[in-house]
Amino acid sequence: MEKRDYHYLGKDFPRKDGFARVTGKEVYPSDVALNGMFFGKILRSPHPHAKIKSIDTSEAEKMGAVCITYRDVPDKYFNVRLVSVPRSTYMDWQILSNKVRQVGEPFAAVAAETEELAQRAAESVKVEWEILPSYLNTEDAMNATENLIHDHVYLEDEKIEIKNNIACMRELTEGDVTAGFKEADVIVENEFVTPRVYHCQLEPRSSVCKPEPDGGVTVWPSTQALHNTRILIGELFDIPLNKVNVVRVTGGGHFGSGIHTNRVILINVALALKAGTPVKIIPDREGDIYEHCRYPVRYTLKVGAKKDGTLVAGEMKALVDIGSHHIQAFAFLGVLVGWWHSLYRCKNLKYKGIAVYTNKAPSCAMQGYGAPQVTFGVETTMSMLAEKLGMDYLEFRLKNYVGLGETFWGQGPTVRSTIRSDGVEELITRGAELIGWNNRQPPEKKTGRYRRGIGMARGFHTSGTGAPVPGEVKDYTTAMVKINEDGSVDVLTSLMDQGGGTLDAAAKLVAEELGVPFDKVGISPADTRSTGYDVCTHATRGVYCGGGAVLEVARKAKEVLLEYASRILEAPVHALKTRPDLEREQGEVYVDGMEEKSITIAEVAQTAMNNDWGTAIFAKSHRMIACPPAFTTFFVEVEVDTETGRVTIERVVAGSDAGVVINPSLARGQIHGGFYRGAGMALLEDTHYDEKTGRLTNLGLLTDYKMLGPEDLPDEEHFQTFFANTYEPTGPMGAKGIGEAALNPVPAAVASAIQNATGIWFTKLPILPEDIVKALRQKKEGIATFEPEKDKNHTIEREFLKIRSF
Amino acid sequence: MSSSRIITQDFDYIKAVSLGEALESLAKDGARVFAGGTDLLNKIKTARDNPKLLVDITGIEELKGFSFSEGCLLIGAAVRLSFLEDEKVITERYPALHEAIKSLGSVQIRNMATLAGNLCNASPIADTAPPLMVYDAEVEISRLHNTRIEKRIISLKDFFTGPGQTVLQKGEMVTGVRVPEPMASSGAAFGKIARVTMDLAKVNCAVWLKREEAVVAEARIAVGGAAPVPVRVEKVEKALAGMRPSSKRISQAAALVGENLSPISDVRSTAKYRTDTASVLIRDTFFPAWKRSGGEEITDE
Amino acid sequence: MNERQIVLEVNGKEYKLTVKPNELLINVLRERLGLMGTKYGCGVGECGACTVLMDGNPVLSCQMLALSASGSKITTIEGIAQNGRLHPLQEAFLDEGAVQCGFCTPGMILSAKALLDKKPNPTDMEIKEAIRGNICRCTGYINILRAIKTASLKLSERSR
Ligand SMILES: Cc1cc2nc3c(=O)[nH]c(=O)nc-3n(C[C@H](O)[C@H](O)[C@H](O)COP(=O)(O)OP(=O)(O)OC[C@H]3O[C@@H](n4cnc5c(N)ncnc54)[C@H](O)[C@@H]3O)c2cc1C
Ligand code: FES
Ligand code: FES
């Protein structure tokens with residue numbers, strides 16, 4: 001298989017769901033309206049760690065509200081994220097509990113006829129709390145021996161005691177690190193810190209649930225995972241799955257915050273079941289912000305290299321502050337080492353990761369799932385090593401990167417496949433040319449108040465979590481393709497589109513395969529009753545895995561179609577081809593070499609119907625058996641105001657190796673968006689908690705959760721994007737993913753540019769103007785590193801030592 | 001427990017048609033002036049205020065006045081910021097105020113918010129306060145005495161008494177802001193340091209200069225975000241007065257700002273950063289102000 | 001309890017409604033008139049998802065009491081396509097890939113429309129300023145800026 005000319009792939013069409021979105025007609029979960037619908041409100045803890053002594057909902061009930069507390073929900077432990085297999089899924093969640101573990105944790109909910117009444121009812125609930133000591137940083141948490149955040153959690157049926165608030169650990173060793181470091185001519189070691197970024201998807205995660213007369217429920221949730229949500233609801237509420245219907249509705253942004261089934265959905269179901277009427281919950285922003293954030297990681301990274309630039313040994317120790325609950329931190333600890341392992345080749349590796357509970361919002365996946373965090377440290381380290389060895393950054397990377405023919409870990413140590421397409425060299429060479437890498441001056445040459453700097457970083461994201469041998473992570477998609485009697489096509493799948501254009505890509509693949517005009521392919525509304533399982537849209541798997549499955553099914557449906565056509569055209573199936581006939585606005589089937597012998601697809605479908613042959617239809621689950629890396633490279637130019645510490649992004653050159661690009665303008669949009677969020681992570685986004693009250697210092701308001709705006713970002717003129725000319729042999733028509741790869745190297749690239757401007761390596765994100773000013777004052781000569789402020793008593797080394805003594 | 005989605009507080013609302021009516025209502029317990037509402041509604045939503053009566057003043061004709069005559073700019077309390085930002089008089093004669101307004105919030109916010117509201121809200125980082133202070137603005141305060149409307153005028157620099165606090169007494173409201181016409185050979189500019197472009201300031205400042213030949217005859221400098229209220233920084237003003245500006249001398253003068261400040265650390269920045277950058281900001285703002293006063297380009301000498 | 005009558009002209013249609021003083025315009029538009037295109041994103045004026053045009057000017061319906069909107073003409077996203085034909089901005093947003101999740105799109109288009117109504121040929125800087133109050137968490141703004149430019153060109157061609 002190889003690249004060829006496509007009718008639709010690589011061309012832009014207005015997105016199919018776009019009309020509804022530009023006219024305000026798109027229905028998001030918060031817009032679903034049903035007859036007799038109540039409005040639900042969640043009561044959230046004002047305390048970081050407390051137990052409910054008593055709770056009195058009688059006032060609320062008098063107002064006519066339906067109330068639920070921990071007494072009204074099934075007493076079951078579970079995990080909200082069902083992407084990994086059960087044996088690596090720790091369970092510490094309850095729908096509602098009599099114990100709260102963070103400010104903002106839901107502990108009760110009410111529903112009433114109007115939102116105002118519900119809010120008033122919620123305000124009338126009286127609670128007596130028993131306040132427990134709280135742990136707002138990993139140090140306090142790990143020092144604790146009693147009043148732990150969780151006393152025990154479950155792993156399948158096993159009850160696990162928690163010690164020192166440590167949620168889980170993971171280790172990995174390859175080769176012999178001690179021997180490796182002995183071989184090293186240079187060693188670089190640093191501690192890196194990455195921020196607790198809030199997803200800030202524009203729609204707070206909402207949900208609507210309707211109890212059905214048969215005892216089942218229909219749910220319109222904000223989620224990236226329809227079927228996992230259904231399975232969880234079925235399990236928790238003991239409803240047979242054929243009575244749990246989860247409907248696909250467009251979410252107003254996810255960025256990873258919907259891979260798990262947000263507790264809002266489960267509370268919504270419990271409320272609706274108790275109320276016996278549909279209930280809608282739209283959390284306010286102040287509530288949503290306490291529900292999820294990016295995993296913040298603090299880690300040391302030590303890497304050794306030989307004079308010729310060969311990497312000989314590496315050691316990473318990571319501490320992850322996971323907040324109040326486990327959203328599969330075990331899987332996360334796995335990918336941390338996975339991403340590192342797959343960035344640069346190194347025989348001798350040692351890794352240990354620890355996940356620690358604190359009384360803060362639970363951290364979860366956000367675009368990149370640990371890759372931006374790890375790439376920041378690894379890329380910074382690579383540049384430092386290159387500098388020490390007197391090698392060019394690019395040369396050093398080209399020598400050491402994991403590429404063609406090597407093994408890629410697509411989702412931690414258990415998901416591995418061989419790299420079959422590799423555009424890294426092209427990305428680096430072309431990017432360097434476009435940014436003018438050769439004219440880049442060292443920091444020593446920069447003077448004056450405003451200093452320009454050019455930096456770079458590279459990285460990737462996996463395209464899905466498929467692999468020849470299944471690992472810890474589930475990965476397959478189910479789809480149905482049906483050719484209608486007028487030659488149009490229905491595609492039915494529970495795959496989700498988060499806005500990136502996944503479903504349009506699927507439609508293009510189908511149009512291309514069947515040879516029908518693009519606008520003849522429709523994406524059917526989907527729900528869990530009418531579709532088969534799809535793990536969820538995460539891990540940049542939409543186009544590669546989801547599209548791959550849809551394409552596979554389209555091929556099968558085409559076989560049925562051609563079989564019918566062969567009866568009509570009286571030619572063997574293998575002689576038949578299809579192509580779009582744009583004049584007739586139809587697909588046609590023709591005999592290869594005898595093109596006058598042709599018939600439209602509509603005619604085939606009609607003849608098949610009228611002769612009772614059947615419909616050309618196929619449904620099937622499909623798993624991709626590889627996880628190809630979608631590579632990206634970012635070159636960034638910044639200007640640093642050395643007096644105010646303000647960083648302005650002047651220029652970006654972004655290269656992406658996404659295989660065959662299906663939707664060019666949407667793909668560029670992914671890169672712009674990825675850069676924007678990555679630059680935000682690099683320069684300002686973070687959430688902090690008041691150590692006394694346990695509350696967010698931004699009070700949950702966007703007033704003080706700032707993101708870069710249009711005036712803070714470079715123009716299109718100064719933002720070049722390009723795609724590597726590659727073809728992924730295992731991908732649907734040569735495609736790989738793009739989404740998360742568009743962010744992963746960005747924080748590292750921005751930090752690299754700041755270093756080139758100032759001579760200072762920042763190892764903590766975000767790099768605030770306050771830090772830059774301080775670092776410049778401290779710095780004397782030459783290259784310096786500005787390390788995160790360290791508490792001598794709470795070094796990672798010490799924490800790791802402590803663990804050994806447990 | 002409150003919510004940004006919905007207001008559960010009960011209050012009454014009146015859309016006053018005359019100043020008399022507004023003032024009468026304001027005398028009631030728990031009454032608040034309601035102008036653009038961009039500050040007030042958020043305070044209500046976050047349960048930081050619990051008014052009984054909102055007196056909407058935006059329909060009062062006599063407060064919609066905007067005039068420039070006899071050397072004085074008069075801005076009624078019901079005038080929205082978006083109206084002001086496009087006014088030629090302001091762009092041309094009061095560029096520092098224009099810059100401050102442009103930097104404030106977004107188009108939507110400025111379509112709703114009023115200038116008087118920005119002042120009465122009395123945030124230490126109110127963006128229009130520093131320029132108005134250096135333009136020597138005054139606020140016109142009205143109240144009802146028996147049935148007569150009484151007015152008093154006070155200088156803006158005496159208006160703020162603390163974060164969120166002003167000299168306004170119960171039953172009083174600001175009816176207008178008066179800004180004298182800047183004298184000849186004077187110039188002013190506004191500066192702001194924030195996390196992103198659309199943001200509240202970490203620090204902001206306005207510099208006003210009166211030039212005589214190549215010398216600063218008089219300087220007025222106001223800084224916001226670095227003390228409980230926007231303040232005039234007299235140390236720097238004095239140091240600049242009589243100076244023949246050079247980069248170095250301006251820096252030296254600006255560096256004195258710390259002595260007039262008492263910033264805090266909060267979610268937006270640190271006290272140290274605020275003090276440090278206040279002097280940078282003053283210096284940066286000095287240059288355009290000087291230029292506008294007709295001054296020659298300043299060299300490094 | 002202190003309920004009042006208000007008159008709103010929304011998308012050219014007049015509505016007489018009884019509202020309480022504490023009711024926000026956003027909730028009246030969404031819950032009472034069923035105009036779900038106006039979105040809630042933050043409730044504190046930062047995100048612009050709730051933007052509507054009031055007498056042609058963009059304002060935030062989450063920061064406005066329904067009572068203070070009385071007597072005005074409101075345009076929501078549902079009201080800008082005419083006779084089933086998309087507004088050039090809507091077309092341009094589709095053509096330029098300016099829509100991802102689409103949650104910011106209604107507010108964004110309305111802010112852009114107000115700009116183009118006032119200034120048919122805005123500079124890049126003016127476009128950026130005009131949408132400063134509309135957060136898009138998905139796109140990184142570039143395709144949005146391009147779409148607004150494209151629409152401005154289309155509109156000025158049309159008026160020529
Ligand atoms: C998203 C957002 C961004 C913002 N960005 C900025 C910014 O960049 N810079 C900045 O400075 N501000 C900013 N603000 C704050 C706010 O918009 C301004 O302070 C605005 O000018 C307030 O005017 P208003 O008419 O809306 O006041 P209102 O909210 O109506 O009133 C504010 C306060 O002043 C009182 N008041 C109003 N008018 C009078 C009067 N005539 N007499 C007596 N009391 C009165 C009210 O009772 C209330 O206590 C922002 C606000 C939001 C929501
Ligand atoms: S919801 Fe109104 S500005 Fe965000
Ligand atoms: S497209 Fe999702 S927020 Fe803009």
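## Chain C against chain A

Across the interface of chain C and chain A there are eight salt bridges, a salt bridge being a side-chain nitrogen of Lys or Arg within 4 Å of a carboxyl oxygen of Asp or Glu. One of them joins A:Asp31 to C:Arg30, with the closest N and O atoms 2.9 Å apart. The model is predicted: local features need pLDDT of at least 70, side-chain atom pairs count only at pLDDT 80 or more, and totals for chains, interfaces and linings use all residues. Residues are numbered from 1 along each chain as its sequence is written, chains are lettered from A and ligands numbered from 1 in the order in which they are written, and side-chain values use heavy atoms, with hydrogens and water left out.

In this interface 47 residues of chain C are in contact with 63 residues of chain A, where contact means heavy atoms within 4.5 Å. The buried area is about 4300 Å², and carbon and sulfur atoms give 56% of it. Buried area is the accessible area (1.4 Å probe) that two parts lose on being put together, summed over both.

## Chain B against chain A

The contact between these chains takes 29 residues from chain B and 33 residues from chain A. About 2500 Å² is buried between them, 50% of it from carbon and sulfur atoms. On the side of chain B, B:Met1, B:Arg5 and B:Thr8 lose the most area to chain A, together 26% of what that side buries.

The count of salt bridges between chain B and chain A is eight. In one of these, B:Arg5 pairs with A:Glu115, the closest N and O atoms being 2.7 Å apart. Helix H11 of chain B (residues 271–292) gives seven residues, the largest share of the side that touches chain A. Helices (H or I, at least four residues) and strands (E, at least two) are DSSP runs, numbered from the N terminus.

## A sheet in chain B

Chain B has an open sheet of four strands in the order E11-E12-E13-E14, with antiparallel pairing; two strands pair if DSSP finds at least two bridges between them. Strands E11 (186–194) and E14 (231–232) are the edges, each pairing on one side only. E11(B) is joined to strand E12 (residues 201–212) of chain B by nine bridges, and B:Gly191 has B:Cys205 of E12(B) as its bridge partner.

H11(B) packs on this sheet and touches E11, E12 and strand E13 (215–224) of chain B. The direction of H11(B) makes about 35 degrees with that of E12(B). Axes are lines fitted to C-alpha atoms, for helices over the stretch in contact, and angles run from 0 to 180 degrees between N-to-C directions.
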